[in-house]
Amino acid sequence: MERKNDHLPISTVGTRGKGSKRDEQYRIMWNELETLVRAHLNNSEKHQRVLECLLACRSKPPEEEDRKKELGTTKEL
């Protein structure tokens, strides 16, 4: 969903204005997922490996950040 730039299916009941933007929704989701995995970290070695994978997926390579910046400047034109 994130690669397709889809919004997360989060309930917006009780929120005012536009609601959360897509990037904010994904930031919240990643934080919640990391919290969940950290809570179960001591259960097994595999939980540690899941956390390492999650953190690796979460950190964006510099090329992707540059690409996002280029797309942002293209949209301004």
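Which side chains meet in a salt bridge at 2.9 Å, N to O? Those of Glu-34 and Arg-38 do. A salt bridge here is a side-chain nitrogen of Lys or Arg within 4 Å of a carboxyl oxygen of Asp or Glu. The model is a predicted one, where local features need pLDDT of at least 70, side-chain atom pairs count only at pLDDT 80 or more, and totals for chains, interfaces and linings use all residues. Residues are numbered from 1 along each chain as its sequence is written, and side-chain values use heavy atoms, with hydrogens and water left out.

Helices (H or I, at least four residues) and strands (E, at least two) are taken as DSSP runs and numbered from the N terminus. H1 has 18 residues and spans 26 Å from its first C-alpha to its last, close to the 26 Å expected at 1.5 Å a residue; the expected span is 1.5 Å times one less than the number of residues. Its buried residues are Arg-22, Gln-25, Tyr-26, Trp-30, Glu-34 and Val-37. Buried stands for under 20% relative accessible area, exposed for over 50%, and partly exposed for anything in between (1.4 Å probe, protein chains only). Seen down the axis of H1, the buried residues fall within an arc of 165 degrees, so they line one face of the helix; the arc is that of the directions from the helix axis to the C-beta atoms. On the face turned away from this buried side sit the exposed residues Glu-32, Thr-35 and Ala-39. Helix H2 is included in what covers the buried residues of H1, with contact meaning heavy atoms within 4.5 Å.

Then there is the nonpolar core, meaning a set of buried Ala, Val, Leu, Ile, Met, Phe, Trp, Tyr and Cys residues joined through side-chain atoms within 4.5 Å. The largest one has 5 residues, namely Tyr-26, Trp-30, Val-37, Leu-51 and Leu-54. Two helices, H1 (22–39) and H2 (45–58), are the elements that give two or more residues to this core. H1 gives the most, with 3 residues.

Back to the charged side chains: a search of the whole structure turns up 4 salt bridges. As for the opening pair, Glu-34 and Arg-38 lie 4 residues apart in helix H1, so about one helical turn separates them.

The side chains of Arg-58 and Glu-34 meet in a salt bridge of 2.5 Å, N to O. This pair links distant parts of the chain, with Arg-58 in helix H2 and Glu-34 in helix H1, 24 residues apart. Arg-58 counts as partly exposed, at 27% relative accessibility. Through salt bridges that share partners, Glu-34, Arg-38 and Arg-58 are joined into one network.

One more salt bridge brings together the side chains of Arg-22 and Asp-23, at 3.2 Å, N to O. Arg-22 is found in helix H1 and, at 18% relative accessibility, counts as buried. Asp-23 counts as partly exposed, at 47%.
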